[in-house]
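Hi,

Here is the structure I promised to pass on. Have a look at it first, and then read my notes below.

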Amino acid sequence: MWSYRLKKGKFIILKYMQNRILIKDLKDYIGQEVTIAGVVDLRRDHGKLIFLDLRDRTGLVQVVVNKKNEQAYNAFESVKSEWSLEITGLIKKRSENTINENILNGDLEIEALSGEILSMAEELPFEKETQDINLDTYLDYLPYALRSQKAKNIFKIQAEVIKSFRDFLTSQDFVEIQAPKIIGEDAEGGANTFTFDYFDSTAHLAQSPQFYKQIMVGVYERVFTTGNAYRAEPHSTTRHINEYTSLDFEMGFIKDHEEIMEMETKLLAYIMGELQKKYGPEFICLNSTIPVVPEKIPFMTLKEAQELIKKETGEDCTNEPDLDPAHERWLCEYSTQKLNSEFIFITHYPVSKRPMYTYEDENNPGLTKSFDLLFRGIEITTGGQRIHDYAKLVKSIKNKDLDPEKFSYYLQTFKYGMPPHGGLAIGLERLTAKLVGVENIREATLFPRDMHRIDNLLTQETKKSDKK
């Protein structure tokens with residue numbers, strides 16, 4: 001391929017290189033001389049031979065550097081892990097006793113003939129694939145640690161979750177929208193927002209795209225969005241971060257919240273089906289399994305769930321307005337064992353525990369047509385029917401001790417007519433963590449932000465503090 005550089009407004013040719021062959025395609029070039037480029041995953045020395053496992057975006061291949069070939073040996077004698085190389089070599093079949101049929105290119109290797117070092121790496125902080133490091137060290141060296149096979153598997157799976165979320169909803173006539181992240185008032189009408197001064201009035205980072213989803217239901221009827229959300233919650237747990245990715249959809253002309261639950265069931269079945277087709281081996285490597293989504297995910301009201309907990313465990317939480325983490329875990333275990341589903345919906349949370357736009361159940365005053373979806377011990381979704389009547393919404397806002405005037409922009413949506421509607425939000429990182437079997441949400445977050453970390457090196461700060 002041609003290599004270019006911009007000089008005085010014009011592209012000039014630096015050099016011409018042979019066409020690069022991707023590692024996954026090497027099987028088509030047995031007996032031929034090719035040029036590849038990649039990163040040294042591992043180096044092994046054996047007598048007069050250097051063995052390099054070279055990786056590119058498509059896979060790995062073993063490269064053999066023989067001391068008898070002075071050109072190749074001199075070029076690569078000093079290479080170490082994470083160095084980037086360009087190698088020209090001969091594709092050869094491996095001998096019968098060295099073939100590994102379980103891996104890509106396990107039946108071939110490259111005999112290096114020539115090449116060059118494209119970039120070098122400093123001494124590495126730890127072995128890339130090691131599991132024997134604590135989470136703070138892992139996060140301190142995240143730009144390097146993300147190169148591990150485990151991390152690559154996790155975030156490929158996460159990318160597929162987002163893609164499948166988009167593909168399924170698009171197939172169901174949903175339109176993708178982009179919601180703003182800077183808002184004038186908190187979409188939940190509560191605390192724990194990040195606030196800043198820049199505009200003529202106080203601004204916040206959005207806790208959700210809720211208001212804008214509802215506005216756009218009046219435009220397209222069915223909409224979805226994927227994007228970051230921000231919560232200034234003052235805690236540091238294995239299940240909370242301050243910036244996360246929210247997968248949201250909202251749909252109009254529904255009868256009640258159960259239609260939203262039915263849509264999510266179909267959505268999850270599609271996502272898990274795509275993961276099964278594309279990433280079964282990655283789940284095996286992560287020692288995790290892809291859940292089966294039943295045709296109808298079981299559900300019970302919050303009151304029924306609390307009565308069940310009391311009956312089966314003796315713990316009385318029947319007067320609580322929500323479930324605590326231990327009870328969420330218990331319900332998931334119960335659902336898996338007794339209801340044959342790793343997923344379970346809990347419905348009808350109190351009006352006091354839900355945002356002001358949540359629809360109150362006419363047949364159960366004080367309770368809402370809302371739900372949480374629990375999966376493998378944690379809440380991954382919150383959703384429900386929304387209030388679509390203008391007067392009722394204004395009254396609900398006042399009942400939350402909020403000022404309707406501050407929501408006048410949002411309230412236009414209902415003043416000028418809205419159909420019955422509802423929607424949900426799925427926490428991408430929580431879902432990913434439970435799918436791949438990691439205990440801390442930070443391991444399922446590409447670049448986590450929490451109370452203590454924004455790309456800072458905590459282990460080095462601890463060392464500095466210890467010296468004082």
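Is Tyr270 buried, partly exposed or exposed? With a relative accessibility of 29%, Tyr270 counts as partly exposed. Please keep in mind that this is a predicted model.

Tyr270 has a ring partner in Phe168: the centres are 5.8 Å apart and the planes are at 40 degrees, so the pair is tilted. Phe168 belongs to helix H4 (residues 149–171) and Tyr270 to helix H6, so the pair ties together parts that are 102 residues apart in sequence. Phe168 itself is buried, at 7% relative accessibility.

Tyr198 and Phe199 make an edge-to-face pair, with 4.9 Å from centre to centre and 85 degrees between the planes. Here Tyr198 is exposed at 69%, while Phe199 is partly exposed at 41%. Elsewhere, ring pairs join Phe211, Phe407, Tyr410 and Phe414 in a cluster, and Arg354 lies over the face of Tyr349, 4.1 Å from the ring centre.

The largest nonpolar core has 52 residues, and helix H6 (residues 257–285) gives the largest share of it, 10 residues. Among the members that touch the most others are Phe165, Phe249 and Met272. The contacts of Phe165 include Phe224, Leu247, Leu267 and Ile426. A second, separate core of 24 residues includes Leu26 and Leu85.

Thr445 is buried, at 6% relative accessibility, and its side chain reaches the backbone oxygen of Ile441 at 2.8 Å.

Best wishes

Key:
Residues numbered from 1 in each chain as written. Predicted model: local features only at pLDDT ≥ 70, side-chain atom pairs only at ≥ 80, totals over all residues. Heavy atoms only, no water. Core = buried A, V, L, I, M, F, W, Y, C linked by side-chain atoms within 4.5 Å. Buried < 20%, exposed > 50% of the residue type's maximum accessible area, 1.4 Å probe, protein only. Helix = DSSP H or I, 4+ residues; strand = E, 2+ residues; numbered from the N terminus. Contact = heavy atoms within 4.5 Å. Polar contact = N/O pair within 3.5 Å; in protein donor to acceptor, adjacent residues only side chain to side chain. Phe/Tyr/Trp six-rings, centres within 6.5 Å; stacked < 30°, edge-to-face > 60°. Lys NZ or Arg CZ within 6 Å of the ring centre and 35° of its normal. Lists of a residue's contacts leave out its neighbours within four places in sequence.
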